[in-house]
Amino acid sequence: MTFPESRIVCVFEPRTHSSRKKVFEKEYISSFQNADIIFLLPAYGKSNLKNDEAISEDFIVTSLKMNGKIAYPLDGYRDILKIKNSLKEGDVVIFMSSGDMEGMPYLLLESIQKG
């Protein structure tokens, strides 16, 4: 591992057309096995998919928790307090999206710097 002394905190947004599909739910669950804490944003543009095709954030978060992971859903890009309040010094935060997340990484950094 690149950061063996640090906790890995992932903030993930399913944003691309394919990443928002239900078919990838199980792969997402296994892909977070090395993360210590996972935050899941609502899928971007999910309403453009049929209900039976769309990813279920609740299913992913519940499944991660059942696998012993710490996982939380986020309400949106401004929901940074959940992330900030679970951070410890030395944590590595990874934001994963194909978009800019409306500046969420910078908002979190700004909030941390303000105390």
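This tour moves through a predicted model, going from its sheet to the packing around that sheet.

Begin by selecting the four strands, which form an open sheet with parallel pairing in the order E3-E2-E1-E4. Colour strand E3 (70-73) and strand E4 (92-96) separately: these two stand at the edges, and each has a single partner strand, so one side of each is left without a neighbour in the sheet. Looking along the sheet, you will find that neighbouring strands are turned by 15° against each other on average, with direction ignored.

Next, select E1 and E2, which run parallel and are joined by four bridges; within this pair, Cys-10 stands opposite Ile-38 in E2.

Now show the side chains of the largest nonpolar core, which has 16 residues and in which Tyr-28, Phe-32, Ile-38, Ile-60 and Leu-64 have the most contacts inside the core. The elements that give two or more residues to this core are strand E1 (8-12), helix H1 (25-31), strand E2 (37-40) and helix H2 (57-66).

Centre the view on Phe-32 and display its surroundings: leaving aside residues up to four places away in sequence, Phe-32 touches Cys-10, Phe-12, Ile-38, Leu-64, Lys-69 and Met-96.

Finally, select Ile-37, Phe-39, Leu-74 and Met-101, which are among the 12 residues of another core, lying apart from the largest one.

Definitions and conventions:
Residues numbered from 1 in each chain as written. Predicted model: local features only at pLDDT ≥ 70, side-chain atom pairs only at ≥ 80, totals over all residues. Heavy atoms only, no water. Core = buried A, V, L, I, M, F, W, Y, C linked by side-chain atoms within 4.5 Å. Buried < 20%, exposed > 50% of the residue type's maximum accessible area, 1.4 Å probe, protein only. Contact = heavy atoms within 4.5 Å. Pairing = 2+ DSSP bridges. Axes fitted to C-alpha atoms, helices over the stretch in contact; angles between N-to-C directions.
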